[in-house]
Amino acid sequence: MATKKTSIGGQALLEGIMMRGPEKTAMAVRNSEGEIVLEEYQTKGKNRPAICKKPFVRGIFNMWDSLSFGYKCLMRSAEISGLEEEDEKKKANKKPSAMDKVFEKIMMPLSVVLAVVLCIGLFMYLPVQLYAWLAIAFPAISDMYVLRSIVEGIVKIIIFVTYVWATSLMKDIRRTYMYHGAEHKTIFCYEAGLPLTVENVRRQRRFHPRCGTSFLILMLLVGIVVGIFIRVDNRFLRTAIRLLLFPAIISIGYELIRLAGRKDNWLTRAISAPGMALQHITTKEPNDSMIECAIAAMEKVIPQDKQSDNW
């Protein structure tokens with residue numbers, strides 16, 4: 001039984017864990033020698049204006065912080081763990097030509113653009129287009145906006161879950177999902193008021209209601225409800241409106257995930273259920289070495305004032 005609900009959250013990295021507390025953020029990554037390398041930072045957004053911390057506003061800023069700083073930590077973990085060093089050695093064995101250098105400079109920004117376009121195409125345009133084809137085959141459903149939103153939402157969820165499942169088959173990603181499990185177990189151990197030891201952490205559950213995975217699936221479900229009110233047939237315009245409403249969907253999803261993390265009743269369990277189910281894929285049972293990393297990061301971000309990290 002949890003003695004408190006903490007605001008401390010984390011992220012699995014390459015061979016490590018990042019934990020984000022109210023004052024400090026820390027990452028613990030194992031290097032190529034198997035040693036834990038610890039790095040600490042001031043938590044981003046701590047001194048942000050009060051208006052940015054208000055309900056239905058804070059979600060946008062918190063998501064941006066999570067994405068931007070999380071990406072920075074992910075890249076740093078690649079350096080510490082030695083994965084980037086291995087890539088450099090491979091490149092060193094093959095002297096790049098002038099054409100290779102030009103190609104590399106062009107491909108980096110192009111790959112980012114292509115990733116954004118692919119994301120919009122798969123999650124925004126494709127579901128709308130699929131329903132348009134269905135409406136051609138069955139004209140009676142063309143004006144059924146509730147059905148349209150449900151079908152579009154189900155397609156997005158299928159795409160997302162399929163992607164997550166496919167990545168779990170990759171060896172490196174599977175290890176990252178094991179670190180994800182270590183992160184959740186360590187947070188549960190802290191919330192239970194138990195000493196942060198490998199034995200205590202190992203006994204905890206690995207499915208947490210405040211997980212980023214739960215947030216993503218929750219956003220897709222909120223998008224279904226929002227989509228009901230988009231009474232536009234043109235698929236390009238419908239896609240554009242969904243993009244414009246994306247901040248609102250993030251804000252609603254964030255407030256729901258906060259509620260699910262703070263309370264434990266039939267409503268919050270219903271809100272958490274889809275994400276908790278998906279965590280069977282995105283979290284795996286960690287080994288002791290991974291738990292040690294999670295504990296090392298967690299210990300660095302626990303505030304001196306035990307009330308300041310209450311959720």
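**Exercise 1.** Does F69 count as buried or exposed, going by its relative accessibility?

*Solution.* The structure is a predicted model, and every value below is computed from it. Step one is the cut-off: a residue counts as buried when its relative accessible area is under 20%. Step two is the value for F69, which is 12% relative accessibility. Step three is the conclusion: F69 is therefore buried.

**Exercise 2.** Find the aromatic partner of F69 and classify the geometry of the pair.

*Solution.* The structure holds 2 aromatic pairs. In one of them, F69 is joined with Y41. A pair of aromatic rings is described by the distance of the centres and the angle of the planes. For Y41 and F69, the centres are 5.3 Å apart and the planes make an angle of 85 degrees. Centres within 6.5 Å make a pair, and planes over 60 degrees apart count as edge-to-face. The pair of Y41 and F69 is therefore edge-to-face.

**Exercise 3.** Describe the surroundings of L74.

*Solution.* Then take the accessibility of L74, which is 27%. Buried needs a value under 20% and exposed a value over 50%, so a residue in between is partly exposed. L74 therefore counts as partly exposed. Now list its contacts, leaving out residues up to four places away in sequence: L74 touches Q11, A12, L13 and L14. Finally, compare sequence with space for another residue, M27. L74 and M27 are 47 residues apart in sequence, and their C-alpha atoms are 9.7 Å apart in space.

**Exercise 4.** Which residues does T239 touch, not counting residues up to four places away in sequence?

*Solution.* First locate T239: it sits in helix α8 (residues 235-244). At 7% relative accessibility, T239 is buried. The residues it touches are M124, Y125 and V128.

**Exercise 5.** Examine the two residues E15 and F56, looking at phi, location and accessibility.

*Solution.* Take phi first. E15 is not a glycine, yet its phi is positive, about 60 degrees. F56 is not a glycine either, and its phi is positive at about 70 degrees. Next, locate them. E15 is in the loop between β1 (9-13) and β2 (16-20), and F56 is in the loop between β4 and α1. Last, check accessibility. E15 has 23% and so counts as partly exposed. F56 has a relative accessible area of 52% and is therefore exposed.

**Exercise 6.** Describe the chain as a whole, from its elements to its overall size.

*Solution.* Begin with the elements: the chain has 11 helices and 4 strands. Then take the size. A compact globule of 311 residues would have a radius of gyration near 19 Å, and the chain has 21 Å, which agrees. Along the principal axes, the C-alpha trace spans about 65 × 60 × 40 Å. Next comes burial: 42% of the 311 residues count as buried. For contacts with a separation of 6 or more, 70% come from residues 24 or more positions apart. The chain exposes about 17,200 Å², with carbon and sulfur atoms supplying 66% of it.

Conventions:
Residues numbered from 1 in each chain as written. Predicted model: local features only at pLDDT ≥ 70, side-chain atom pairs only at ≥ 80, totals over all residues. Heavy atoms only, no water. Helix = DSSP H or I, 4+ residues; strand = E, 2+ residues; numbered from the N terminus. Rg over C-alpha atoms; globule rule 2.2 N^0.38 Å. Buried < 20%, exposed > 50% of the residue type's maximum accessible area, 1.4 Å probe, protein only. Contact = heavy atoms within 4.5 Å. Areas by Shrake-Rupley, 256 points an atom, 1.4 Å probe, with all protein chains shown as cover. Phe/Tyr/Trp six-rings, centres within 6.5 Å; stacked < 30°, edge-to-face > 60°.
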